[in-house]
Amino acid sequence: MGWWFILRGRLRRKPTVRAFGGSLSERELLAHSLSVLSGCRHRLEDHLRGSATLAEAFADVFGAGEVAGYLALVHDVGKGCRAWQDRLISHAEPLGKPVGIPHKEAGTVLAAQTAGRQLAAVVQGHHGGLPDQDAVKNVLAELGGAGLDAERAREATEAVVRLVPQIVREDRILPPAWLAGLESPRRRALALDLFTRMVFSCVVDADYLDTAAHFAGGKPRVAVPADMRMLLERFELRRARMLTGRVASPVDGVRQRVYEEALAAASGAPGMYVLHVPTGGAKTIAAGGFALRHAAEHGLGRVVFAVPYISITQQNADVYRGLLDPSDGDDGGPVVLEHHSSVALDEEDQAGAWARLAAENWDAPVVITTTVQLFESLFARKPSVMRKLHRLAGSVIVLDEVQALPDRLLIPILCALRDLVEHFGASVVLASATQPSFWSLAQLDGLPRRSMVADVTGLFEVLRRVNYEWRMGPDVTWESIARDIVCDGGEQVLTIVNTTRDSARLHRLLSGADGGVGVSGPVWHLSTRMTAEHRREVIRHVRGELEAGRPVHVVSTSLIEAGVDVDFPRVYRAWAPAEALQQAAGRCNRDGRLPDGGTVVVFRPADGGMPKDLSYRAAMEASTEFFGPDEADPDDLKVLHHYYEKRWALQGTDGRTMGVRIQEARQRWDFPTVAAEFQMIDNKYAQSVIVIRPNTSSEEGNRIESDIASLRAPSPSGPELLRRLQPHTATLPRHEVAKALNAGLAEPVIGDLVVWRGHYDPVRGLDADTPEDRGGYAF
């Protein structure tokens, strides 16, 4: 019999008085050391009760207030033992170091007794991260014995229960009725995985907030609930002003219709919504209007927009800030929080301070983030990453460009989204011009599909703005495509290819190098071998040239396809999966100003490259079956539906793809394995490289070098350094990085991150085919 079952009988004993410092009953139990601002130490009772109050309020949104409040109440009970209390005063406080004595175990036992072993993982992992069930079982077994940790846990519980008697309960906290009501054991196990994650988020966020408040000498920082109706009114007023100031477009009437239909759909019940609108249909604004009205109608607390690429995140954040953040005469503080790897959160002004704090737990009315940030947090295990998760409950979650969700993770993603809708009060919007057939997969079977636009097929017909031409014969080469572009392309041409090597090769041909005929004027280049800052500069310049009507030629990888707002009269696209072809067409005649339509030339070069992973090969095989010069265009929605079904069927569900193995680990509540397996960005073949570009000012170069030195320092550094360096990073294949390190052209920084010391082409960036030249650069 474990010690917790006989604890109640022992609590009536008189405490043992020890020679040093008196008994624990005669001492004030502490949770944290002295705050230099308040001049006080943090009482353990205050911390447990304060954390419990916060966690209960957070989890009440999804009906789990009782269990989250209890787990927060017991999470630091282990600090009540004499050894921990003594070391806090004698070691941790004067030296500024951790106490060094485990304190999670007593609360883990209490949690297992009252809430079950699965949820005991919340307490056991509240510092190091959610453990697997074997780790929890081992802790419980050890604490049922007579070892030192077991004795300290018993001692701590006896001491704390005198101050907080609620830590020992006669009754168990039952699981929510919806969880117990799930008939399938597999569905129950998966739902309990997400339930545990959400409760964990509430507890660790409450712990962080209460602790931070102590050291800040104030109260926990929790934002006042947003007035979504007021924000909707502000949004609509500014949208009207924005449209008044824009140059009229032939598709403005269609965009207005999309917006009105989205707003009308917002009064529908919470659930899973689909916004299927062709590129150029203003779905970003329509999604924003829907989300705000839906939140106002149903009392939802926030709106979270997630997109696949940082460039779109920044673009959308600028739009929504202009529509929602307060301006002169408006009440209230900032509304839109932009949170991703490259946003600067270290600004010293008031807005920077708000963003820094809000980003920790998404305590903001509107959050703009990346799908990487969203889903890797959802399937993570570390407290600092998971604090924000409980904010998804009772929220509107807009997933833009959903066609970019990776096939290899699709099953766990869809499963979690469904659970957020069905059990955590969220509404999810799947937005894309290329809407995948998600309801053909078992994970969404039976879940109502709520379409915002009534006649999607008719909408695509009205917004059909391009004509497709095909160059698919065996005689198609990079040289022939370059000649085609020069002779027939016109003055404004975008060409999109599949690999960085292909983009560099075609760029050289169009620039007149490598025996190419060359176009008149500069040719711009975009790929991940260029730094993020370099790419943003090019996109900004290209937009300016297009708007001014000047000649402009661009060669890009697929990074330009999803959400980058450019409008070319002619686009060339190397043969690729159907959704990529359709997204490329979205960069052509975007505003419908060409009376005869734009032209999209799809070509298959005999010597072209393409990614080699299984998902991409399946997509290419399905595309070949359904699309081409004698088959359908990529805009055929009925054929696209069959394409997705075929593509997923080709990959199977044997565990190698689609995320089945992650689901199996989730069923075992094996949180470390899930976190290790769930990687939105597949870094198996790619590696990040910091680059100080040749045109960087000496001042900026010194700043970058200083940040690199700080990362290499033995003392821990926060995420702000990596955020500051992100604009200066590019991506290379791992084998190229290894060669560069061996050749002295790169230097390790920390982990996989390296700094580049070799040549950086001012146009193509880290071009693998450019001869190495270290001369002429001042670093």
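Me: Which helices each supply at least two residues of the lining of the second largest cavity?
Reply: The model is predicted, so local features need pLDDT of at least 70 and side-chain atom pairs pLDDT 80 or more, while totals for chains, interfaces and linings use all residues. Residues are numbered from 1 along each chain as its sequence is written, and side-chain values use heavy atoms, without hydrogens and water. Helices (H or I, at least four residues) and strands (E, at least two) are DSSP runs numbered from the N terminus. At least two lining residues each come from helix H5 (105-115) and helix H8 (148-163).

Me: Which helix gives the most to that lining?
Reply: A cavity is a set of points on a 1 Å grid over the protein atoms alone where a 1.4 Å probe fits but cannot get out, and lining residues have an atom within 4 Å of a point. The lining of the second largest cavity includes His-103, Lys-104, Asp-149 and Arg-152. With three residues, the top contributor is H8.

Me: How much space lies in the largest cavity?
Reply: Six cavities of 30 Å³ or more are counted. A volume is the space filled by probe spheres set on the grid points, which are joined across faces, edges and corners. The second largest cavity holds about 80 Å³. For the largest cavity, the space is about 160 Å³.

Me: Which residues lie closest to the centre of the second largest pocket?
Reply: A pocket is an open set of points with protein on both sides within 12 Å along at least five of seven lines. The second largest pocket has a volume of about 1,400 Å³. Of its 45 lining residues, the closest to the centre are Arg-246, Arg-255, Asp-565, Arg-590 and Asp-591.

Me: How many charged residues are in the lining of this second largest pocket?
Reply: Ala, Val, Leu, Ile, Met, Phe, Trp, Tyr, Cys and Pro count as nonpolar, Asp, Glu, Lys and Arg as charged, and the others, Gly among them, as polar. The lining of the second largest pocket has 17 nonpolar and 13 polar residues, and its charged residues number 15.

Me: What is the strand order of the open sheet of seven strands?
Reply: Two strands pair if DSSP finds at least two bridges between them. The edge strands, each pairing on one side only, are E5 (336-339) and E9 (449-451). Four bridges join E5 to the parallel strand E6 (residues 366-370), and Leu-337 stands opposite Val-367. The pairing is parallel, and the order is E5-E6-E4-E7-E8-E3-E9.

Me: What angle does the direction of helix H20 make with that of E14?
Reply: Axes are lines fitted to C-alpha atoms, for helices over the stretch in contact (heavy atoms within 4.5 Å). Angles run from 0 to 180 degrees between N-to-C directions. In the open sheet of six strands, with order E10-E15-E14-E11-E13-E12, six bridges join E10 to E15. H20 (residues 478-488) packs on this sheet, and its angle with E14 is about 175 degrees.

Me: Why is the pair of Tyr-273 and Phe-290 classed as it is?
Reply: Rings of Phe, Tyr and Trp (its six-membered ring) pair if their centres lie within 6.5 Å; planes under 30 degrees apart count as stacked, over 60 as edge-to-face and the rest as tilted. Tyr-273 is in strand E3 and Phe-290 in helix H13, 17 residues apart. The ring centres are 4.9 Å apart and the planes stand at 55 degrees, so the pair is tilted.
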